[in-house]
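Dear colleague,

Please find below the structure that I am handing over to you. I would be grateful if you would read the notes after it with the structure open.

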Amino acid sequence: MRGAGQYNQYGQAAHARHPAASDGRLLRSPAPPGVSSSRPGTAARTIPLSRPYLGESEAREVLEVLRSRHLSLGPVVPRFEGMFAERVGAPYAAAVSSGTSGLHLACRIAGIGPDDEVITSPYSFVASANCFMYEGAHPVFADIDAGTFNLDPAAVEAAVTPKTRAIMAVDIFGYPCELDELRAIADRHGLAFIEDSCEALGAEYKRRKIGSHGHMAVFAFYPNKQMTTGEGGIVATGSAEELELLVSLRNQGRADTDGWLDHSRFGFNYRLSDIHAAIGVAQLERLDEILAMRAAAAERYAGLLDGVDGVSTLLADDANHRRSWFVYVVKLASGIDRDRVITVLEDQGIQSRPYLPCIHLQTYMRERYGFREWMFPVAEETSRKTLALPFHSAIDPEDQERVVDALRSAIA
Ligand SMILES: Cc1ncc(COP(=O)(O)O)c(C=O)c1O
């Protein structure tokens with residue numbers, strides 16, 4: 001990656017200037033801060049890695065909240081939660097300030113504590129491991145399957161020790177993990193089971209939506225996700241008791257029965273505001289459209305990439321797994337210099353990023369636990385070769401052609 005400094009999850013400098021909208025209309029100015037829509041000095045438009053899909057209804061819903069003066073702990077959060085729960089087929093859902101805070105609360109509720117071990121995937125975003133480290137637990141990584149890029153159940157079984165307290169499964173790139181096998185391991189060893197579904201809204205396992213399988217499943221709404229609330233997350237659960245704890249813990253440990261400034265338990269401020277929830281309400285109303293647009297864009301990429309030597313695409317769906325398209329990641333063959341490909345694309349105004357770096361090889365993980373290269377060979381081999389191409393709900397088919405043409409010539 002070129003340059004230094006802060007990068008957001010679009011892989012862009014977090015403080016990059018937002019180009020002014022040429023027509024002055026907010027929603028017609030499609031790029032969020034850090035996602036440039038023009039590239040001074042070059043003829044070709046920049047094709048951004050990601051971009052949220054927003055319409056006028058998001059603005060209307062937000063404006064209504066602003067006019068109501070009820071910006072937090074108001075009626076829109078429960079409305080959003082009800083809509084979300086219904087959408088994923090979960091009995092309950094509790095909105096939170098981010099996917100990470102939702103994962104953290106799930107860990108707290110699962111009873112994960114100091115010196116426990118939690119098994120998770122090394123091929124994920126850092127929050128999948130950070131969430132239980134906040135509680136003093138230690139990460140035990142198990143290698144992934146070379147096809148799904150999700151936890152390999154056999155590796156998880158082999159990683160269980162007397163200290164293991166939980167399995168944190170991840171649905172990476174929106175592809176459902178092996179829920180039945182992983183939950184069977186958890187049951188056999190008396191472990192808690194939490195699903196990091198932050199990338200998987202709309203995915204299905206064995207024809208049932210992710211989020212509807214009973215255990216806590218956590219979703220995230222950062223602007224590069226299928227749908228966004230700006231920042232935000234939600235925990236879906238089948239347990240009324242877990243819901244009660246989630247609602248209390250996100251609100252500084254206050255219980256429904258507590259009076260003004262009485263706190264039954266030690267909690268956090270992980271609330272989602274009604275302003276954010278209002279964006280979520282509008283996004284949920286267009287979620288079917290969003291998911292269909294993303295699936296169509298993925299299919300277009302697959303068609304364009306068919307026959308491009310040295311580039312393989314993500315695993316196709318089967319009877320038990322239905323992916324929800326979050327990112328468009330390709331795997332480059334051995335011998336292709338990924339950094340060079342990124343630079344060649346960047347020179348043509350096309351953003352791409354190495355995706356994902358392994359969690360155990362992050363500096364703080366190496367320093368704290370002594371993790372080294374090749375401890376999880378499938379994850380590392382995958383991580384060295386995978387590349388995220390520009391992908392979002394409304395990506396222009398012509399831009400996709402430009403991306404694939406540039407990729408083809410970059411690897412020729
Ligand atoms: C797999 C995974 N887990 C957790 C998170 C954390 O979500 P958030 O950024 O909303 O805290 C993300 C978001 O990028 C993610 O992709």
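The notes below begin with the whole chain and then turn to selected parts.

The model is a predicted one, in which local features need pLDDT of at least 70, side-chain atom pairs count only at pLDDT 80 or more, and totals for chains, interfaces and linings use all residues. Residues are numbered from 1 along each chain as its sequence is written, and side-chain values use heavy atoms, with hydrogens and water left out.

**Overall**

The protein contains 13 helices and 14 strands; these are DSSP runs (helices H or I, at least four residues; strands E, at least two), numbered from the N terminus. Of its 412 residues, 55% are buried, where buried means under 20% relative accessible area, exposed over 50% and partly exposed in between, with a 1.4 Å probe and protein chains only. Among contacts (heavy atoms within 4.5 Å) with a separation of 6 or more, 69% join residues 24 or more positions apart.

**Nonpolar cores**

A nonpolar core is a set of buried Ala, Val, Leu, Ile, Met, Phe, Trp, Tyr and Cys residues joined through side-chain atoms within 4.5 Å. The largest has 78 residues, and those touching the most other members are Ile112, Phe132, Phe173, Tyr301, Leu305, Tyr328 and Leu389. Helix 13 (residues 397-411) gives the most to this core, with six residues. Leaving aside residues up to four places away in sequence, Leu305 touches Val311, Thr313, Tyr328, Val330, Val404 and Leu407. Another core, of 47 residues, lies apart from the largest one and includes Ile185, Phe221, Ala278 and Leu284.

**Helix 12**

In helix 12 (residues 377-385), the buried residues are Ala379, Glu380, Thr382, Ser383 and Lys385. Their cover includes strand 12 (328-332), helix 10 (338-347) and strand 14 (386-389).

**Ser72**

Ser72 is in the loop between helix 1 (56-68) and helix 2 (76-88). Its relative accessibility is 32%, so Ser72 counts as partly exposed. Not counting residues up to four places away in sequence, Ser72 touches Arg271, Ser273 and Asp274. The C-alpha atoms of Ser72 and His276 are separated by 9.3 Å, although these residues are 204 residues apart along the chain.

Yours sincerely
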